[in-house]
Structure formats: C-alpha cells, structure tokens
Amino acid sequence: MARITASIEEVELDGEFGLVAGVAATCNKCDHSTESFGTEGGSIRRCLVLLREECPGKEGNFYMEEE
C-alpha cells in the first residue's frame with residue numbers, strides 16, 4: 001500500500017438550501033478528486049477515504065494531506 005499525498009482546498013458546494021462550505025481533496029498522483037461538506041478534520045478525512053474507495057486505478061493507496 002503506497003502513501004500518496006492529496007491537495008486539500010476549501011470550496012463552496014451546492015447544498016439543499018444553497019451554497020455550503022466544503023473541502024475538496026485531489027490526488028497528487030492521478031488528479032482524481034472528492035468533495036465533502038464541512039471544513040473541519042472529519043470532512044478532510046472523509047475526502048481522503050473516498051479517494052481510496054474511488055481510486056480510478058483501484059490501487060488501494062493510503063492518502064494523507066499534503067503538508
């Protein structure tokens with residue numbers, strides 16, 4: 001299992017009642033990205049887990065936030 005860094009950025013997402021603050025994580029290896037509502041640590045961790053689950057190459061990498 002490889003350790004891959006991901007870029008994290010704050011974004012605005014379409015929510016049920018308008019725009020909502022969120023985060024997006026982008027894999028630094030293949031540029032696949034995921035989004036989650038919220039900007040706290042739990043939202044970032046969710047994005048990183050989704051990167052692993054949705055990896056286009058089915059690699060099963062361990063993703064961590066870029067420093």
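View 1. Beyond residues up to four places away in sequence, I4 touches C27, K29, N61, F62, Y63 and M64, where a contact means heavy atoms within 4.5 Å. I4 belongs to strand 1, which covers residues 3-15; strands (E, at least two residues) and helices (H or I, at least four) are DSSP runs numbered from the N terminus. With a relative accessibility of 12%, I4 counts as buried; buried means under 20% relative accessible area, exposed over 50%, and partly exposed in between, with a 1.4 Å probe and protein chains only.

The model is predicted: local features need pLDDT of at least 70, side-chain atom pairs count only at pLDDT 80 or more, and totals for chains, interfaces and linings use all residues. Residues are numbered from 1 along each chain as its sequence is written, and side-chain values use heavy atoms, with hydrogens and water left out.

**View 2. The whole chain.** One helix and four strands make up the elements of the chain, and from the N terminus on they run β-β-β-α-β. Along the principal axes, the C-alpha atoms fill a box of roughly 40 × 25 × 15 Å. Of the 67 residues, 30% count as buried. Among contacts between residues at least 6 apart in sequence, 30% join residues at least 24 apart. The accessible surface is about 4600 Å², and carbon and sulfur atoms account for 47% of that area; the areas come from the Shrake-Rupley method with a 1.4 Å probe, and for residues only the protein chains shown count as cover.

**View 3. A6 and its contacts.** A6 is also found in strand 1. A6 is buried, and its relative accessible area is 0%. Residues up to four places away in sequence aside, A6 touches T26, C27, N28, L48, L51, M64, E65 and E66. The C-alpha atoms of A6 and V23 are 12 Å apart in space, for a separation of 17 residues in sequence.

**View 4. T26 in strand 2.** T26 lies in strand 2. The relative accessibility of T26 is 19%, and the residue counts as buried. Its contacts, leaving aside neighbours within four places in sequence, are T5, A6, S7, D31, H32 and S33.

**View 5. G18 in strand 2.** G18 has its place in strand 2. The residue is partly exposed, at a relative accessible area of 31%. G18 and I8 are 10 residues apart along the chain, and their C-alpha atoms are separated by 22 Å.

**View 6. The salt bridge between E59 and K29.** The structure holds one salt bridge, defined as a side-chain nitrogen of Lys or Arg within 4 Å of a carboxyl oxygen of Asp or Glu. In this pair the side chains of E59 and K29 meet at 2.8 Å, N to O. E59 lies in the loop between helix 1 (41-53) and strand 4 (62-65), and K29 in the loop between strand 2 (18-27) and strand 3 (33-37), so the pair ties together parts that are 30 residues apart in sequence. E59 is partly exposed at 39% relative accessible area, and K29 is exposed at 51%. Side chains of opposite charge can pair when their charged atoms come close.

Over the chain, the mean positions of the 6 positive and 14 negative charges are 13 Å apart. Lys and Arg count as positive and Asp and Glu as negative, without His and the chain ends; the place of a charge is NZ of Lys, CZ of Arg, CG of Asp or CD of Glu.

View 7. Most residues other than glycine have a negative phi. D31 is not a glycine, yet its phi is positive, at about 70°. D31 sits in the loop between strand 2 and strand 3 and is exposed, with a relative accessible area of 60%. K58, also a residue other than glycine, has a positive phi near 50°. The place of K58 is in the loop between helix 1 and strand 4, and K58 is exposed, with 76% relative accessible area.
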